[in-house]
Amino acid sequence: MKKAKPPGLAGIIGYPLDHSLSPFIHNLGFALKKLPYVFVKIEIPPARLNRTVGALVDLGFIGANVTMPHKEASARLVDALSPEARAVGAVNTLVISGRKIKGYNTDIEGFARSLKAFARDRSFPTAAIFGAGGAAAAVGYALFRRFQTRHFHFICRNWRKAKKNLSEKPFFGKGFWADFVDWEDAERAVRASNLIVNATPVGMEGKKTFPVSPAAFRFGQTACDLIYNPPLTPFMRLAKKGGAKAMGGLEMLLQQAAVSFELWTGEKMPVEKVRQELLDSF
Ligand code: NAP
């Protein structure tokens, strides 16, 4: 009897990974497309990142997703970067070809696709973004390149750290204006913006609340929370109460996964079917 070839490997590198939905999404995508791959969790602390990324090549992985807290460090470990990953100095996708690893940032395209579908091609001249980490940078870059945003307010609990982190990104400050607003002074920035994004973990279980009242929001504004669990987040509730339209992070999660899937396999992920199964799983 002929032996079946073992499946190829892909995975997600992060710490912790308890709540990651990526294995569900990609394993379903592989099964629906009848592709011979398995997607695994690789939960490792920062001290083991270097060794782990090297081991992926030896173990024959086709690639991996990268999540908190490894996105920025991984950008320094790869052989090549896509232009978008270089611009934001962070990768969420590794593609392995031969013994070479190329880093991509599919959060940018994932966010852009999800906002485009939700807001039907609107542009957003002024945006307020809660947070100044990797996701805030990806969102800022997507807004600048695809939604004509030219004024940014980054709302953060430590503006010195935030300013240092974002100023180091190659794309930052070229062709747009940005200021850094203390967490407690968020209300003014929210009122002044067409689009308000939560790019912090605030609103996930056990995390504190936002420093704004529903009155800071209004009809005509769009609010996006990058958090996808719970599906209706505290930030979305706040924005909706004030009259804004609000979307959660599930569509971004799905769309960034779809871009990674295609980079690894050359095949389109069956997005509608995967979205339905994801929604049914909540
Ligand atoms: P990150 O690089 O660690 O940045 C997190 C940011 O949030 C930092 O600016 C941090 O400030 C701030 N922050 C953390 N806890 C806070 C608190 N209690 N109060 C105020 N600010 C706080 O993480 P990231 O990769 O940008 O991810 C941010 C969020 O986006 C996460 O919830 C992640 O799950 C979500 N995300 C979703 C998707 C999706 O596909 N839907 C994709 C990417 C990320 P400090 O620097 O002061 O700590």
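A pocket is an open set of grid points where a 1.4 Å probe fits, with protein on both sides within 12 Å along at least five of seven lines. In this predicted model, the second largest pocket holds about 190 Å³ of space, and the largest pocket has a volume of about 1,800 Å³.

**Second largest pocket**
- Its lining consists of Tyr228, Pro231, Gly248, Gly249, Leu250, Glu251, Arg275, Leu279 and Phe282.
- Helix H10 and helix H11 (271–281) are the elements that give two or more residues to this lining.
- By class, the lining residues are five nonpolar, two polar and two charged.

**Largest pocket**
- At least two lining residues come from each of strand S3 (61–66), helix H3 (71–75), helix H6 (134–146), helix H7 (159–167) and helix H10 (250–265).
- The lining comprises 24 nonpolar, 17 polar and nine charged residues.
- Domain 1 (8–105 + 253–280) and domain 2 (108–248) each contribute at least three residues to the lining of the largest pocket.

**Ser82**
- Ser82 lies in the loop between strand S4 (80–81) and helix H4 (83–88).
- With a relative accessible area of 7%, Ser82 is buried, because the cut-off for that class is under 20%.
- Beyond its neighbours within four places in sequence, Ser82 is in contact with Lys102, Gly103, Tyr104 and Asn105.
- The C-alpha atoms of Ser82 and Asn105 are 7.6 Å apart, while the two residues are 23 residues apart in sequence.

Notes
Residues numbered from 1 in each chain as written. Predicted model: local features only at pLDDT ≥ 70, side-chain atom pairs only at ≥ 80, totals over all residues. Heavy atoms only, no water. 1 Å grid on protein atoms, 1.4 Å probe; cavity = no way out; pocket = protein on both sides within 12 Å on 5 of 7 lines; lining within 4 Å. Points joined across faces, edges and corners; volume = space filled by probe spheres on them. Helix = DSSP H or I, 4+ residues; strand = E, 2+ residues; numbered from the N terminus. Nonpolar A, V, L, I, M, F, W, Y, C, P; charged D, E, K, R; others polar. Domains from an automatic or database assignment. Buried < 20%, exposed > 50% of the residue type's maximum accessible area, 1.4 Å probe, protein only. Contact = heavy atoms within 4.5 Å.
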